[in-house]
Amino acid sequence: MNEKLKRFIDLYVPVTTCTMRCHYCYIAHTGLFKNALPEFKFSPEHVQKALSKERLGGACLINVCGGGETLLPPQMTDYIRVLLENGHYLMIVTNATVTKRFDELAALPPELLSRLAFKFSYHYLELKRKNLFDLFFNNIRKMRDAGCSFTLELTPNDESIPYIEDIRKKAVEELGAACHITIARNEAAPAKDKPILTKLPHDEFYRTWSVFNSDMFDYKRTIFGKKRREFCYAGDWSFVLDLGTGVMRQCYSSFKVQSIFDDLEKPIDFTPIGHYCTAPHCHNGHAFLTLGCIPEHKCITYAQLRNRVCADGSEWLKPNVKEFFSCKLKDNNREYSWIERAFHTLRYCEAARGMKKIIRSLKK
């Protein structure tokens, strides 16, 4: 596999229905898990054409994630299949409870499965409450044995602290290595702040969860709460896309939006955010930054952040996925000259000022 990463796409699946009720999840807080499953406006075949290698410029890493459980909609098997048939690499975020969907995915051709990875969310307290540990780990092993890559990730929360040793031990026994640890935002806090989701002092929080020796946790600790002021290529080298509407945004905090599913003959406008990021820190920077949306930001690779080496020498990421996840976006994209950077920054600032004027007029 000598193919290089062209773009990173964070693909949102418009599902809020979920099989779990995690106490730290905003979906549970708002009752959105009761919603019906979504209806998709665009067919898998249409999405396949919209996200072809030719239209996107090459092979992409597509992170597929729902607001609730990503794999609950029955159509998801077909959407995943067509994107893999396009030659892209996929990371599916899932709580590993929808067994029927894993049975369907495991039946895909081996060549497709070799480019499929899963981020299994380790919701320990809910698995314990619902007695779902066997189902959870059996589904993970099913996809691992089918040839897929995977990673296991836990959202640290104060209520789980008494169970830390069992959380770690169970992962090692079932999958050969301890889970990775992320850092969650307190979504109830003001948008301009978004502090860490914990009541502990930060030093105690980091010390408590560092026992997992997670590269992901260690890296996210270095970027959490730090405003990015470098030139960012999000919007060009990466973007956020809604599978239900086809609406593309440069990132989570951006003023520019466009529909890329309506007219497939219309080229996609890949415009970077540049210096005008409005986020308090890079949300999900563990993906955007490690993949290289800010080239001068030196850090570990996305593969290092997701992988684990087991006691028997095996790894969670298969060789070809590990190689692709080790790519940096600058390796297959042209960096802008200082004149181009200045132009795009001015262009984006002007668009931002226009949007702010509209918002102020609506408030009157």
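This is a short tour of a predicted model, with stops to select in the viewer.

Residues are numbered from 1 along each chain as its sequence is written. Local features need pLDDT of at least 70 and side-chain atom pairs count only at pLDDT 80 or more, while totals for chains, interfaces and linings use all residues, and side-chain values use heavy atoms, with hydrogens and water left out.

**Stop 1: the whole chain**

Show the protein chain as a cartoon. Its secondary structure comes to 15 helices and nine strands; helices (H or I, at least four residues) and strands (E, at least two) are DSSP runs, numbered from the N terminus. Of the 364 residues, 54% count as buried, where buried means under 20% relative accessible area, exposed over 50%, and partly exposed in between (1.4 Å probe, protein chains only). A contact means heavy atoms within 4.5 Å. Among contacts between residues at least 6 apart in sequence, 76% join residues at least 24 apart.

**Stop 2: Thr70**

Select Thr70, in the loop between strand 2 (60-66) and helix 4 (76-85). Is Thr70 buried or exposed? Thr70 counts as buried because its relative accessibility is 1%. Leaving aside residues up to four places away in sequence, Thr70 touches Val13, Val15, Val64, Cys65, Met76, Ile92 and Val93. Last, show Gly66, whose backbone nitrogen lies 2.9 Å from a polar atom of the Thr70 side chain.

**Stop 3: helices 8 and 9**

Two packed helices are described by the angle between their axes and the distance between the axes. Select helix 8 (residues 133-145) and helix 9 (residues 164-175), whose axes come within 11 Å and cross at roughly 40 degrees. Axes are lines fitted to C-alpha atoms, for helices over the stretch in contact, and angles run from 0 to 180 degrees between N-to-C directions. Helix 8 and helix 9 are therefore oblique to each other; angles under 35 degrees count as roughly parallel, over 145 as roughly antiparallel, 65 to 115 as roughly perpendicular and the rest as oblique. To see where they meet, show Phe133, Phe137, Ile140, Arg141 and Arg144 in helix 8 with Lys170, Glu174 and Leu175 in helix 9.

**Stop 4: helix 11**

Select helix 11 (residues 215-223), where Met216, Phe217, Tyr219, Lys220 and Ile223 are buried. These residues cover an arc of only 165 degrees around the axis, which puts them on the same side of helix 11; the arc is that of the directions from the helix axis to the C-beta atoms. What covers them includes strand 5 (149-154), helix 10 (202-209) and helix 12 (285-291). Finish at Gly225, which follows helix 11 and has a positive phi, near 80 degrees.

Terms used. A polar contact is a pair of N or O atoms within 3.5 Å; within protein, one must be able to donate a hydrogen and the other to accept it, and residues adjacent in sequence count only if both atoms are side-chain atoms.
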